[in-house]
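Subject: Structure handover

Hello,

Here is the structure for your files. My notes on what was found in it follow below.

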Amino acid sequence: DMDAIRLVRKRGILMQNTVPAGEGAMCAVMAMDASAIEKVIETIDGVTIANYNCPGQIVITGRTEAVGIAAEKLKEAGAKRAVMLPVSAPFHSRLMEPAALRLKEELDKIQVSDAQIPVVANVTGKILTNANDIKESLVTQAANPVLWEDCVAEMVNFGVTRFVEVGHGKVLTGFTKKINKEMELANVEDIPSLEKTLEFLKGVR
């Protein structure tokens, strides 16, 4: 669907350009409970959680200086590591709200239909099929945390046992393996991995 492709491109441009380069940052925090991370960063203005990826990996986001301070405080509080990510924008933070509003304007220009295949919204971790709910979730998720652990739990509860990641690398596959070891996992990022995944799917039918 060309509307979807154009929207994804526009979303990327809006989120990249909302905060000037260098003013926003993200940091992956390793081996520390989410509740402990939340307790530390609630005392630091301008830092929030961007991604609840999997047990042992949470990403924080916000103003560059504040994220740097938070990283040091988190290491002092017991985090195994706090690794600054090679990004130039504070994605999934409140700083992305202008992008979210612009994204809503773009969504209002296109027809969104009810989903024939259920969609799991990463901003809530819940299954959606209603077109208006899907549009709202696409806007909200730009400036709010990604709840990947909740997404996987919802899919498992729905009856999903096989997971295929499509896109560069196997980051989500790795997270999912840590969340639920029973899930059968595959990924597609090039022709060899596509062929391997097709064979995998044939074998499980």
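How are α6 and α7 oriented to each other? Please keep in mind that this is a predicted model. Helix α6 covers residues 148–158 and helix α7 covers residues 171–179; their axes come within 10 Å and cross at roughly 65°. Angles of 65 to 115 degrees count as roughly perpendicular, and α6 and α7 are therefore roughly perpendicular to each other. The crossing in which α6 passes α7 is right-handed.

On the α6 side, the contact is made by W148, E149 and V152, which meet L172, F175, T176 and I179 in α7. By type, the residues of this contact of α6 with α7 divide into 5 nonpolar, 1 polar and 1 charged.

The other item is a sheet. It is open, has 4 strands in the order β2-β3-β1-β4, and its pairing is antiparallel. At the edges are β2 (47–54) and β4 (81–84), each of which pairs on one side only. From one strand to the next, the twist averages 25°.

Within the sheet, β2 pairs with strand β3 (residues 57–63) in the antiparallel sense, over 6 bridges. In this pairing, V47 stands opposite G62 in β3.

Helix α2 (residues 34–41) packs on the sheet, where α2 touches β1 (24–30), β2 and β3. The direction of α2 makes about 170° with that of β2.

Regards

Notes. Residues numbered from 1 in each chain as written. Predicted model: local features only at pLDDT ≥ 70, side-chain atom pairs only at ≥ 80, totals over all residues. Heavy atoms only, no water. Axes fitted to C-alpha atoms, helices over the stretch in contact; angles between N-to-C directions. Helix = DSSP H or I, 4+ residues; strand = E, 2+ residues; numbered from the N terminus. Parallel < 35°, antiparallel > 145°, perpendicular 65-115°, else oblique. Left-handed = near helix turned anticlockwise from the far one by under 90°. Contact = heavy atoms within 4.5 Å. Nonpolar A, V, L, I, M, F, W, Y, C, P; charged D, E, K, R; others polar. Pairing = 2+ DSSP bridges.
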